[in-house]
Amino acid sequence: MSNPVRSRVRTAALALSAVAALALGTTTTTGATAAPAPSPSPAAKQGPTSVAYIEVNNNSMLNAGKYTIADGGGNAFDVAVIFAANINYDTNSKKAYLHFNENVQRVLDNAATEIRPLQQQGIKVVLSVLGNHQGAGFANFTSQQTASAFAKEMSDAVAEYGLDGIDFDDEYAEYGKNGTAQPNDSSFVHLVTALRANMPDKIISLYNIGPAASRLSYGGVDVSAKFDYAWNPYYGTWQVPGIGLPKSQLSPAAVEIGRTSQSTVTSLARRTVNEGYGVYLTYNLDGSDRSADVSAFTRELYGSDAVYTP
């Protein structure tokens, strides 16, 4: 099954009614030479970390590297997220496994041309993992061993393809389907603990939604500090993620490029700076010239327009 296109033109009212119950590092790749150490950005950039989710079913990861800051030339985006791999369920073995649809696999197999250019530009590339309507999710592993096994699949993928980390998005799991278990309190804690142990210097981020996002503590262990970032999942709104991280690692603002109005993009960016938060989340960067939409937040975050270079 392919991962569903995420369409979240969610209003503030929806965000309020759907009460929300979460980051930066490169190794070797398959089918390509060893990943080079990322180069620094063309110029130092002061301000929040900006994140771009890219739907690779429809768009190129390279879009994230086409925007720079007019004043100084730094990257407009600091983190590019491959959206998305899936957590699938094998009904024969009754185990969850990491799945790449053909578009995600294409990006990974062509890391030399799809991922390395961004990393060489100074942009971190993270793989998002999403439920896939099969009953498997981050919140329903029934033992530490099964959670650790899936954590190893994710960290192995990061190592194999020279990625900079993993992003958790607990949507579309359909817990209980195919006879799978319902969410429990230990699953996500075991999963995140194992993943962080496997990749101590890589990003782990949380798209703050779903049963996993509200199950960050178990048996005296709180995994909040194991995340590098967490962000609001409701585009066009402001909502502080409910996780014990400093403001510098949180994005209460979330916008969908081209669909969230530029005035809202600007106001959310201004609020990010005024209230001292360190991350700004965007979704669905496509191949069009979106410099007006990007400039709507870069002016507030970095004091300069964004420049688009095809």
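Predicted model: local features only at pLDDT ≥ 70, side-chain atom pairs only at ≥ 80, totals over all residues.
Reader: What makes β14 a mostly covered strand?

Author: Buried means under 20% relative accessible area. Five of the five residues in β14 (residues 279–283) are buried, so by that cut-off the strand is described as mostly covered.

Reader: How do you know that both faces of β14 are covered?

Author: In a regular strand the side chains alternate between the two faces of the sheet. On one side of β14 lie Val279, Leu281 and Tyr283, and on the other Tyr280 and Thr282; each of these is buried.

Reader: Why are β1 and β13 said to pair with β14?

Author: Two strands pair if DSSP finds at least two bridges between them. Strand β1 (residues 49–55) is joined to β14 by five bridges, and β13 (residues 253–256) is joined to β14 by three; therefore both meet the criterion. Each pairing is parallel. Threonine 282 of β14 is the bridge partner of alanine 52 and also of valine 255. From β13 the chain passes through helix α8 (residues 262–274) to β14, in a right-handed β-α-β crossover.

Reader: Which residues line the largest pocket, and what makes them lining residues?

Author: Lining residues have an atom within 4 Å of a point of the pocket. The largest pocket holds about 310 Å³ of space. Its lining has 17 residues, of which Lys94, Lys95, Ala96, Phe141 and Thr146 are the closest to its centre. Both β4 (95–99) and α5 (144–161) supply at least two lining residues, and α5 gives the most, with four. By class, the lining comprises seven nonpolar, seven polar and three charged residues.

Key: Residues numbered from 1 in each chain as written. Heavy atoms only, no water. 1 Å grid on protein atoms, 1.4 Å probe; cavity = no way out; pocket = protein on both sides within 12 Å on 5 of 7 lines; lining within 4 Å. Points joined across faces, edges and corners; volume = space filled by probe spheres on them. Nonpolar A, V, L, I, M, F, W, Y, C, P; charged D, E, K, R; others polar. Buried < 20%, exposed > 50% of the residue type's maximum accessible area, 1.4 Å probe, protein only. Right-handed = clockwise from strand over helix to strand, strands pointing away.
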